[in-house]
Amino acid sequence: MMHTLLLLALNGLIWGLIIALIALGLSVIFGLLDIINIAHGDFFMVGTVVAWFTLEATGSFWLGFITAPLFGFLLGALIQRIVIQPIRNVAALSIVATFGLSLILQESVRISFGPTPHRILPPIQATIPLFGIEYEVYRLFAAAIAVAALLGFFLFLNHTKLGTWMRAVRHDRDTAIAMGIPAQRVYVFTFAIGFALAAFGGAVAAPITTVDFRGGVDILPFCFMAVIIGGLGNLPGTAAAAVLLAFLEGVIQSFADPTVARIASLVLMSAVLLLRPQGLFKGLTR
Amino acid sequence: MTRRATIERALLVAFAAFMLAVPWLIPALINGFWVSLIAEILIWSLFASSVNLLYGYIGLLSFGQALYFGFGMYGVAVGIDQLGLGFWPAFGLGIFAATAMAFVSGIFAVRLSWHYFAIITVVFSLIFYFLAVTQKWLTGGDDGINFTLPPTFSFGGTQLSFTSATFQYFFILATVMLCLWLMQCVTRSPLGKAFLAVRDNDVRASLIGLNVYGLRLTAFVMAGFLAGVAGALFAFFGRYASASYMFYHVSGEAVVWAIVGGAGTLFGPLVGTALFILIRELVSTHWEHHSLIVGVTAILVVILAPRGIVGLWRDVLARIAEPADVERSVEPAAELRTEP
């Protein structure tokens, strides 16, 4: 019993770290562009599919860690220019546009990849004995990669010129433009980096979950929950909330079925929304 | 009467004549299946109208209207299948369940606005979606409940029921039009003007003494009522209720239909719903990947006509009918602005 609990908690923790990457992309797009991105789950799904195609074409899974975010970045930049730019500032329209985008991405993947789900075997076959079972080493490795990517992103945001620009435009667009920051390019870059983060999360998660054109549908509400509970626009809060939520669901799953765990986290989220709409971590980080 | 009003009135009469002639006209021109397709479009457009009442008139974007649709649906299905109710009590139960649920969840939801409101409505609907999936004894889960429909009216030996496609069509048409007429009455009343004041600037509305919370709750309950009627009709129409209709994708589709058709207009949701369901039906028989077209259409409409198809039509009409008045008729662009 104790072992099951620890195991599910560990699974939740690892999954939460991957979700944190994806939710971070959602939060960046939301915070800077004021876009409610319904297609974000599909950005993740595209990442898993690119990882699968890369594996099929080159035989190397690891190459997917480069191709998936790169593909996401380029497609994200393109989408921002064509779809998001003309409707900027009207969040309700962004919901419709990204809903359309979500349909297009899912259908394109269904055409190119096919309607049947596929599995990717873990690239690290080894297992280690943990809590009474042979635990896949790749899962631990995926967690480490996710943590590294999260840290890398925060370093980028706080210690590079582009990251500073992103924060400046979010803070005060007009002043930023007056100071000579190319806000337009920052918007394109932000949307692209948001897509790239989700696609990278997809590549990391591909051997843990299945590769399927509907793979983004379930993940989307979860990412939104992380963003809200962490506080809209609060990036470290988002990451922390994702880990906390997945961990909690893992723990609850050890004594109830997964749907009950999902309902529990939804109820928790309602409480947070009603009692602390600014997020759980307001005032702790900024 | 201005030329513009004449054109609009002529269109309305033509539309009404067409809708009344559908059960005879459509089977003669195409085939009988399209009569039930038009009935389905009517039901879904009523559902989209519930999104429209909230977003277009009071400025609340609900992403969880499927919850009230589902309650209307299950009220009917559980009423007939498990409680053995007749047609009208089951109809009443469905509408009551949806409206009561909208009242209870509205008490909490309308305390929030904008993004937070959108999110909490999804959260509420997801909670009940997962509950419906697990509580199979009541809801049948994803498999749903199938039931046989009792007659709507019976006079002695003669019965009128949904087994007659023509009666089914007219019952749905009458119910949907009655609901739209009620909605028109509300939006044109002082209450409706107060809704618009809250939509355009809630702070200013509260400063002139309007009870913003009360108005938002009223609109939310009314929208729940509309969604509940749509759900109950859909249960009658399909003789079926399923948890899958409570998933957030169903709510999302209604938002898209309402905004693409034209939020804040009475017929916008009908136009948007008809457009997307017709695309689905016309294309899906020839080409498997019809959702590509749906996606592209949604994106094109919001880029080219941010105020929806009906909004675009009104601009066109204003230009051809009253060229001199174009300046006056152009509404402020920031009508549906976002709150900071």
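Figure 1. Two residues are in contact if their C-beta atoms, placed from the backbone, lie within 7 Å. Among the elements of chain B, helix 15 (residues 326-329) has the lowest mean pLDDT, 48. Helix 10 (residues 212-238) of chain B has the highest, 95. Helices (H or I, at least four residues) and strands (E, at least two) are DSSP runs, numbered from the N terminus. Chain B averages a pLDDT of 87, and 94% of its residues score at least 70. The model scores ipTM 0.82 and pTM 0.86.

Residues are numbered from 1 along each chain as its sequence is written, while chains are lettered from A and ligands numbered from 1 in the order in which they are written. In this predicted model, local features need pLDDT of at least 70 and side-chain atom pairs count only at pLDDT 80 or more, whereas totals for chains, interfaces and linings use all residues.

**Figure 2. The fold of chain B.** Chain B has 15 helices and four strands. Its radius of gyration, taken over C-alpha atoms, is 20 Å, close to the 20 Å that the globule rule gives for 340 residues, so chain B is as compact as a globular protein of that length. The rule is 2.2 Å times the number of residues to the power 0.38. The C-alpha trace of chain B spans about 60 × 50 × 45 Å along its principal axes. Of the 340 residues in chain B, 46% are buried. A residue is buried if 20 or more other C-beta atoms lie within 10 Å of its own, exposed if 12 or fewer, and partly exposed in between; C-beta atoms are placed from the backbone.

**Figure 3. Where chain B touches chain A.** The contact takes 36 residues from chain B and 35 residues from chain A. On the chain B side, helix 5 (114-134), helix 11 (248-261) and helix 13 (290-304) each supply at least two residues. Helix 5 of chain B gives the largest share, twelve residues. The chain B side divides into 28 nonpolar, seven polar and one charged. Here Ala, Val, Leu, Ile, Met, Phe, Trp, Tyr, Cys and Pro count as nonpolar, Asp, Glu, Lys and Arg as charged, and the others, Gly among them, as polar.

**Figure 4. The loop at B:Gly262.** B:Gly262 sits between helix 11 and helix 12 (268-284) of chain B. With 26 C-beta neighbours inside 10 Å, B:Gly262 is buried. Leaving aside neighbours within four places in sequence, its contacts include B:Gly268, B:Val271 and B:Arg307. The C-alpha atoms of B:Gly262 and B:Leu312 are separated by 8.5 Å, although the two are 50 residues apart along the chain.

**Figure 5. Positive phi at A:Asp34 and B:Arg239.** Most residues other than glycine have a negative phi. A:Asp34 has a phi near 60 degrees. A:Asp34 is in the loop between helix 1 (2-33) and helix 2 (40-58) of chain A, and is partly exposed, with 17 other C-beta atoms within 10 Å. B:Arg239 has a positive phi of about 50 degrees. B:Arg239 lies in the loop between helix 10 and strand 4 (240-241) of chain B.

Methods:
pLDDT is the predictor's confidence in each residue, from 0 to 100.
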